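Good morning, everyone, and thank you for letting me take a few minutes of the meeting.

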Amino acid sequence: MTITIEKSDRLKALPPYLFKEIDRKKSEARKKGVDIIDLGVGDPDMPTPTHIIEALNKAAWDPANHRYPSYSGMGAFNEAVARWYQKRFQVALSPETEVVTLIGSKEGIANIPLALINPGDIGLATSPGYPVYNTGIQFAGGQTWFMDLLKSNQFLPDLSVIPDSVAAKAKLMFINYPNNPTSAVATLEFFKDVVRFAEKHNIIVCHDAAYSEMAFDGYRPPSFLETDGAKAVGVEFHSLSKTYNMTGWRLGFAVGRAEVIQALGQIKSNIDSGAFQAVQFAGIAALDGDQACVENMNREYTLRRNILVDGLREIGLSVEKPRATFYVWIEIPKGYSSTSFASHLLTRAGIVATPGNGFGAPGEGYVRMALTVGTERMKEAVARMKSTGF
Ligand SMILES: *Cc1c(COP(=O)(O)O)cnc(C)c1O
């Protein structure tokens with residue numbers, strides 16, 4: 001005897017997974033023994049800094065940390081977040097009411113629509129964009145209205161094209177700067193416009209700042225919460241993943257408007273039991289500790305970026321030098337689609353790049369490369385592309 005398994009409507013309604021083809025080609029090439037240079041995945045290749053690992057080690061031996069953590073975060077971690085915010089952005093936060101600890105920021109981003117959206121409501125999300133904005137809204141029964149990120153507007157959403165009827169039904173807006181996948185950065189003027197728009201239409205802004213510390217050439221990305229009025233209309237998501245090479249540790253946080261933080265915490269209290277306390281102690285060591293480790297990483301990314309961007313330009317591709325994030329957003333040469341260009345790079349040069357349309361329709365015409373291999377491998381990647389040609 002067996003039973004039939006039918007997936008839920010919410011799973012059936014998910015958009016098609018557009019990286020299937022490239023995943024298949026990647027594993028095919030691996031099987032054939034091709035020496036692949038993988039610039040596809042946004043996962044740092046460098047190790048977590050030593051002082052953070054040591055803090056985990058110490059905390060892991062304390063039996064007090066073996067018990068259920070609080071779903072909303074340890075007081076000591078939330079206080080470290082508030083200290084870091086004050087120092088980094090000159091924004092004051094109450095650790096008790098304006099900070100919630102997350103099991104990676106993806107967890108909070110996926111869960112926040114459950115706290116704010118009713119079936120039929122609209123969520124606004126940037127496109128191309130991090131796929132979790134859309135799936136989070138859909139899982140909550142909402143509809144996503146995509147705000148296109150176009151080169152002609154520096155990859156910032158044009159708020160003036162959002163119809164009033166859409167704005168009226170919108171409960172929240174996801175934005176993300178420095179941006180994945182376009183590597184665009186926000187101006188303070190843009191953040192001001194977002195605050196005004198949110199006030200006018202009563203929309204909660206959810207700013208994903210996962211890349212706030214990954215920036216180059218002296219550029220320091222601002223927090224959305226630095227903008228006048230921002231804390232009254234929104235929250236900001238941060239992650240230790242990219243900043244401290246901690247993607248596997250699962251630690252992030254959301255800060256901002258207290259009622260929103262409280263509502264997200266209420267969802268979490270029904271779904272999870274918080275981040276492992278030893279990991280939170282490691283997070284305190286990261287946030288309170290010497291930030292030289294971050295500067296060193298950014299110096300390394302700068303070298304890699306220069307090799308890749310200079311190389312691509314020599315080949316004749318049109319590409320901006322990103323001021324932040326470890327992504328390079330590349331306009332593909334004439335005669336290709338995003339998918340066919342990514343296939344060409346993989347089969348002819350053994351290089352994995354991510355087709356831009358996988359992040360949303362306006363990403364067609366681009367591929368994304370991540371700066372996740374060392375300088376020698378990056379030089380090799382450029383050499384291979386030069387000899388392959390397009
Ligand atoms: C990597 C990433 C995150 C999620 O990071 P976590 O590991 O879940 O903290 C969130 N947003 C964007 C845009 C990312 O690229």
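Let me begin with the lining of the largest pocket, whose residues divide into 24 nonpolar, 18 polar and eight charged. Please keep in mind throughout that this is a predicted model. The volume of this pocket comes to about 1,300 Å³, and of the 50 residues that line the pocket, those closest to its centre are F19, Y130, P131, V132 and F359.

What takes up the space of the largest pocket? The ligand does. Two helices, α5 (105–116) and α10 (240–243), are the elements that give two or more residues to the shell around the ligand. By class, that shell holds four nonpolar, six polar and four charged residues, and of the 14 residues around the ligand, the nearest are D208, Y211, S239, S241 and K242.

In D208, a polar side-chain atom lies 2.6 Å from a nitrogen atom of the ligand. For Y211, an N or O atom of the side chain is 2.6 Å from an oxygen atom of the ligand, and for K242, a polar side-chain atom lies 3.1 Å from an oxygen atom of the ligand. As for how far the ligand is covered, it would expose 390 Å² if taken alone, and the protein buries 94% of that.

Rolling a probe the size of a water molecule over the atoms shows where empty space is left. How many cavities of 30 Å³ or more does a search of the whole structure find? The search finds two.

The largest cavity has a volume of about 60 Å³, and the residues lining it include W84, H238, S239, F253 and L287. Strand β7 (234–239) and helix α10 are the elements that give two or more residues to this lining, which divides by class into seven nonpolar residues, four polar and one charged.

The second largest cavity has a volume of about 30 Å³, and among the residues that line it are E213, K242, T243 and Y301.

Finally, a few words on the backbone. Most residues other than glycine have a negative phi, and most peptide bonds are trans. With that in mind, please find the peptide bond from S127 to P128, which is cis, with omega near 0 degrees; P128 has its place in the loop between β3 and α6. Another cis peptide bond runs from Y177 to P178, with omega near -5 degrees, and P178 is in the loop between β5 (170–176) and α8 (188–201). And which residue other than glycine has a positive phi, near 60 degrees? That residue is D217, found in the loop between β6 (204–208) and α9 (230–233).

Key:
Residues numbered from 1 in each chain as written. Predicted model: local features only at pLDDT ≥ 70, side-chain atom pairs only at ≥ 80, totals over all residues. Heavy atoms only, no water. Near = heavy atom within 4 Å. Polar contact = N/O pair within 3.5 Å; in protein donor to acceptor, adjacent residues only side chain to side chain. Areas by Shrake-Rupley, 256 points an atom, 1.4 Å probe, with all protein chains shown as cover. 1 Å grid on protein atoms, 1.4 Å probe; cavity = no way out; pocket = protein on both sides within 12 Å on 5 of 7 lines; lining within 4 Å. Sits in = over half its atoms within 2 Å of the grid points. Helix = DSSP H or I, 4+ residues; strand = E, 2+ residues; numbered from the N terminus. Nonpolar A, V, L, I, M, F, W, Y, C, P; charged D, E, K, R; others polar. Points joined across faces, edges and corners; volume = space filled by probe spheres on them.
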